[in-house]
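Subject: Handing over a structure

Hello,

I am passing on the structure we talked about, and I hope you enjoy looking through it. Please open it alongside this note, which goes through what was found.

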Amino acid sequence: MKKRIFFFFLFSIPVFSLPAQSDSVDIVREYQQAEKSLVLLKNKAATIPLQDLHQQKIAYIEVGTSKIGTFYETLGKYMPVDKIELPDIRDEAAFSSWLKQHNERYSLFILGIKDFSTPSVLPYYMRHEKQLNTLIENSKVIAFVSGQGKIFDKLPAINIADALVYTAEFEGLATSLAAQLIFGGMGAKGKLEKTLGPYQNGSGLTTGGGLRLRYSTPELVGIDSDLLRDSIAAIIRQGLDSNAYPGAQVLVAKDGHVVYHETFGYQTYDRLTPVKPTDIYDFASLTKVTTSLPALMKLYGEGKFNLDAPLKQYFPEFKNSNKADLTFRSMLAHNARLRPWIPYWRGTLKKNAKYPWKKSWSNTILNDGRYRCKTFKRDSSGKYPIRITDQLWLHKDYKEKKLYKAIRKSPLNEKPGYVYSGLLFYLLPEIVSDLTKKDFESYLNEHFYHRIGAYTLSYNPTRFFPLSRIVPTEQDTFFRMQQLHGTVHDEGAAMMAGVSSNAGLFGSANDLAKLFQMYMNYGSYGGEQIIATDAVKEFTRCQYCEEDNRRGLGFDKPLIEYDVNASSVAKDASPASFGHSGYTGTFAWADPEQKIVYIFFSNRVYPTRDNPKLYRLSIRPRIHQVIYDSIKGQSSKSKERGANGN
């Protein structure tokens, strides 16, 4: 029978937390001890660290009655892991049938068992001895044993697992680190301190780390945790108290370690649903640098896309327009005289239709007579299949015949120079599909999102996730006339069935951090060069600085002349840094010089976009500056300790 990959994790460890005022030396020592306690005893065919996440389907089985620390939660930080139960089936044929079905569904099973027994208490895993033997013998298995180590004698089948990790700890940080070891966030370097079954004292294999994000404490990468936590909390609370947003979250990574990820407030002002780290947000214009842009970078690095080609070369429909000869370099850098935006939905109205901000227009969605031919109807049909709301359905040809036409016929700005524009980004999904000969979403998933374990990055997220996990945005009072929840906020993206490069992508902070870590690594993540190094460097450098345009290709850059009232980034952000903001209240930034990734999420447009307090209070740049100050603060503490002989 073909072997499948299974994970065995045998331990019971509660959630690990650090005292708020712990000495940094003690904290680092605690991490070092936890790392040392993890021993890789077996690693057949280099099973650990896991590779090819986009080809893995993982299930986790917890054998026992107690929760196994933060292990399962940490596994989920790397990619989705289904939690299932080992069935209490005694009949061998019935269990073999169960196993066959699950082997067909999953490529990888993670089995967690606490290794603990007394003369009067039989280890829980022995109650499932036959099932476990069958599972291990017929499947590819990674086993993680935590506790006494008696299992190596009592359940010999555990020793034929393809990979085997052990720790003597029942509790503490080792649960999280074990998951990080398996995914390559950290490497294995521990050695056994006593003989266990067939494994002699001093046994222990080594693996490399740093392939993917690691989840650590600020002190481990030279950040003052007290300054970081207290300062960020104070700034976020000011925003909450001022009603700049109902809730927010902040993620900070340094040197490939996620050292801070905290949530604040609620999804809405009714204070019913607290913000959670796994919540999914509408990226708004962050979509520009997270969808077509990585695709163009990859194609450019492969020699399949020419940045200096004219638009007409890759989008022939525009060959007779005033935009035919605009280069992709100039358009991606917002330096091509393109208009900022077009209110596409207004073009659907008949000339005598009242505009939606008029109270009398509130029932327009029920009146087909308000709309031009081949735009909207109140019911779906073969010709009107694109759902905007339950009572607003868009014509199937609108994108090509109306939206693209509006972009093609739009005038150019009279003067050259930097003007932020989203028009090109409506065209890019089709260009990417034409160049790759693949469906746009499928290409993104296969080559980027699923490959790095970022499965929440998606368009139209209600297809995959419950509404309770998706943070709502605006109460739309002029177009869709309803609360926007799980559907894209941007009107133009909505009229492209939610799939655009201007806006439309959703995702979690943790998954966005993976993508930005890959950018900061100049295209490398998970031990794989996903995008050519030179391509990322070209896209993230300033293109027209001599023309007083700070932008990279798609990416935003720090202001050439810093102005705290005009910037979204810290004054200490390096010239090499890059990122983007989102209209809904999102933000992501990477600094390769300091190796910092900073994610800020809020839904500042809830319940209305007419709320500029996020900008007026300079929430995002102030938090960004705190990160740099915290690095300098920890450096000062270290120098002070050195001067005192500590």
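Strand β15 and strand β16 (residues 505-507) pair in the antiparallel sense, over 2 bridges. Helices here are DSSP runs of H or I with at least four residues, strands are DSSP runs of E with at least two, and both are numbered from the N terminus; two strands pair if DSSP finds at least two bridges between them. Within this pair, S458 stands opposite F506 in β16. The two strands belong to an open sheet of 3 strands, ordered β11-β16-β15, with antiparallel pairing. β11 (281-282) and β15 (458-459) are the edge strands, each with a single partner, so one side of each has no neighbour in the sheet.

Before going on, a word on how to read all this: it is a predicted model, in which local features need pLDDT of at least 70 and side-chain atom pairs count only at pLDDT 80 or more, while totals for chains, interfaces and linings use all residues. Residues are numbered from 1 along each chain as its sequence is written, and side-chain values use heavy atoms, with hydrogens and water left out.

Another open sheet has 3 strands in the order β12-β14-β13, and its pairing is antiparallel. Its edges are β12 (376-377) and β13 (386-389), each with a single partner strand, so one side of each is left without a neighbour in the sheet. A hairpin through 2 residues links β13 to β14. Those strands run antiparallel and are joined by 3 bridges, with β14 covering residues 392-394. The bridge partner of I386 is L394 in β14.

Parallel pairing turns up too: strand β5 (residues 108-115) is joined to β6 by 4 bridges and the two run parallel. G112 stands opposite F144 in β6. Of the 8 residues of β6 (residues 140-147), 7 are buried, where buried means under 20% relative accessible area, exposed over 50% and partly exposed in between, with a 1.4 Å probe and protein chains only.

Do have a look at L86, in the loop between β4 (81-84) and α3 (92-105). L86 counts as buried, because its relative accessibility is 11%. Leaving aside neighbours within four places in sequence, L86 is in contact (heavy atoms within 4.5 Å) with I61, V63, F95, W98, H128, Q131 and L132. L86 and Q131 are 45 residues apart along the chain, yet their C-alpha atoms are separated by 8.3 Å.

Now for the whole protein. The secondary structure comes to 18 helices and 21 strands. The radius of gyration is 27 Å, close to the 26 Å that the globule rule gives for 646 residues, so the protein is as compact as a globular protein of that length. That radius is taken over C-alpha atoms, and the rule is 2.2 Å times the number of residues to the power 0.38. The C-alpha atoms fill a box of roughly 85 × 70 × 50 Å along the principal axes. Of the 646 residues, 57% count as buried. Among contacts between residues at least 6 apart in sequence, 66% join residues at least 24 apart.

Happy exploring, and best wishes
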